[in-house]
Amino acid sequence: MAKITFPVEATHIMMFARAIGDTNPVYHDAEAAKKSEVGSIIAPPSFAQAVAQFDPDYHLRPKPGQKWFGSGKTASGVEGKPASSGGLHAEQHYEYVRPLRPGDVLTCETLPGKTWERESKRAGKLTFRERVTEYRDQTGELVMIARGVGVTTERPVDAG
Amino acid sequence: MALKASALKVGDTHSERVVENLSRTQIVQYAGVSGDYNPLHTDDVYTREIAGYKSVFAHGMLTMGLTSKMLSNYVGDGRLTKFGVRFTNQVWPGDTLDASATVEAIREENGQKLVDLKLSTTNQDGKEVVSGSATARIDA
């Protein structure tokens, strides 16, 4: 799989913290962050998810000139076949060597992991796929490992 | 403020309300910043008519982010060595979520004190939406 370059920027961190409703100054206030234990702005623990912004082919972002499976004139822009969202997110795990900081330029490499299946009462046959992503900084040091598990369901999940 | 091993014991719990009456707009805000514009999170027409759900729902990663707010407030900034979750139920617009961390172990590794935490985030009906675990560096 191709490597993705992920520049970590202060504005992006501020916006991410806003979206999760986290008002901690260490995510947006450089002066306050300088006086804190970590000494500078850092990124929230799940910020690396935003690496999707830097994947040119990311399938869950509409792109000019390409049909999008969400609604427009009709309920789905992809006619004649069931639209796929690529499944749901089942698990996410992070191992941290150090926090991410503005100015980091990360190289992210994703390796396919295990695949397994399970029957469920709420959604039929479940197919799980694991992906492991290593994040290295501008000096080549490993700073974080992410392990995500996606699941494709046979039918929509019963809210129960 | 960092936690101190000397002041912690197994079974200690910290909990916070991490979102009240989750809005569709906050879900869209998360879509914009994370880059995940999946219509299941951003497009009610698609989600009801094509995907077969009652409405859009939150990204699992938004719920992980909400849970991380409680976790960082408890263990301090930049203290995590591990953080992992399973998404056990969907989070819908209008949900109110409480996240908690419970001390499972206090230990030492290469001279560094660590705390292992069990995580749980539940909705207004008491249904668990995230279960997980985390490990953080703590002071002696």
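In the predicted model, the side chain of Asp137(A) makes a polar contact with the side chain of Arg98(A) at 3.0 Å. Asp137(A) is located in the loop between β4 and β5 of chain A, and its relative accessible area of 10% places this residue in the buried class. Apart from neighbours within four places in sequence, Asp137(A) is in contact with Arg98(A), Val105(A), Leu106(A) and Val143(A).

Strand β4 (residues 124–136) of chain A pairs with strand β5 (residues 142–153) of chain A in the antiparallel sense, over eleven bridges. Within this pairing, Val132(A) has Arg147(A) of β5(A) as its bridge partner. The hairpin of β4(A) and β5(A) has five residues between the strands, and in this hairpin Gly140(A) takes a positive phi near 90°. On its other pairing, β4(A) is joined in the antiparallel sense to strand β3 (residues 105–120) of chain A, over twelve bridges. β3(A) and β4(A) likewise form a hairpin, with three residues between them. Here the bridge partner of Glu109(A) is Glu134(A) in β4(A). In a regular strand the side chains alternate between the two faces of the sheet.

Glu134(A) also takes part in a salt bridge with Arg136(A), in which the closest N and O atoms are 3.5 Å apart. Glu134(A) counts as partly exposed at 25% relative accessibility, and Arg136(A) is partly exposed as well, with a relative accessible area of 34%.

Strand pairing extends across the two chains. Strand β2 (residues 88–96) of chain A pairs with β2(B) in the antiparallel sense, over five bridges. In this arrangement Glu91(A) stands opposite Arg86(B) of β2(B).

The size of an interface is often given as the accessible area lost when the parts come together. Chain B and chain A bury about 3,800 Å² between them, and 56% of this area is on carbon and sulfur atoms. Val33(B), Met61(B) and Asp77(B) supply 16% of the area that chain B buries against chain A, more than any other three residues. The contact involves 49 residues from chain A and 46 residues from chain B.

Polar interactions across the interface of chain B and chain A comprise 16 residue pairs in polar contact, both residues being at pLDDT 80 or more. On the side of chain B that touches chain A, at least two residues are supplied by each of α1 (24–34), α2 (39–42), α3 (44–51), α4 (60–75) and β2 (80–87) of chain B. The residues of this side of chain B divide into 21 nonpolar, 16 polar and nine charged.

Side chains of opposite charge can pair when their charged atoms come close. Over all chains, the structure holds 15 salt bridges. Glu37(A) lies in the loop between α2 (30–35) and β2 of chain A, whereas Arg79(B) lies in the loop between α4 and β2 of chain B, so the pair joins two chains. The closest N and O atoms of the salt bridge between Glu37(A) and Arg79(B) are 2.5 Å apart, and the count between chain B and chain A is one salt bridge. Arg79(B) is buried, its relative accessible area being 5%.

Within chain B, the side chains of Glu108(B) and Lys113(B) meet in a salt bridge with an N to O distance of 3.2 Å. Both partners count as partly exposed: Glu108(B) at 49% relative accessibility and Lys113(B) at 27%. Salt bridges that share partners also join Glu37(A), Arg79(B) and Asp139(B) into one network.

Backbone geometry was examined next. Most residues other than glycine have a negative phi, and most peptide bonds are trans. Asn110(B) is not a glycine but has a positive phi of about 50°. This asparagine, Asn110(B), is found in the loop between β3 (97–109) and β4 (112–122) of chain B, and its relative accessibility of 81% classes Asn110(B) as exposed. A positive phi, near 50°, is also found at Asn21(B), a residue other than glycine. Asn21(B) is in the loop between β1 (13–19) and α1 of chain B. At 53% relative accessibility, Asn21(B) counts as exposed, because the exposed class comprises residues over 50%.

Conventions
Residues are numbered from 1 along each chain as its sequence is written. Chains are lettered from A and ligands numbered from 1 in the order in which they are written. This is a predicted model: local features need pLDDT of at least 70, side-chain atom pairs count only at pLDDT 80 or more; totals for chains, interfaces and linings use all residues. Side-chain values use heavy atoms; hydrogens and water are left out. Contact means heavy atoms within 4.5 Å. Buried area is the accessible area (1.4 Å probe) that two parts lose on being put together, summed over both. A salt bridge is a side-chain nitrogen of Lys or Arg within 4 Å of a carboxyl oxygen of Asp or Glu. A polar contact is a pair of N or O atoms within 3.5 Å; within protein, one must be able to donate a hydrogen and the other to accept it, and residues adjacent in sequence count only if both atoms are side-chain atoms. Helices (H or I, at least four residues) and strands (E, at least two) are DSSP runs, numbered from the N terminus. Ala, Val, Leu, Ile, Met, Phe, Trp, Tyr, Cys and Pro count as nonpolar, Asp, Glu, Lys and Arg as charged, and the others, Gly among them, as polar. Two strands pair if DSSP finds at least two bridges between them. Buried means under 20% relative accessible area, exposed over 50%, partly exposed in between (1.4 Å probe, protein chains only).
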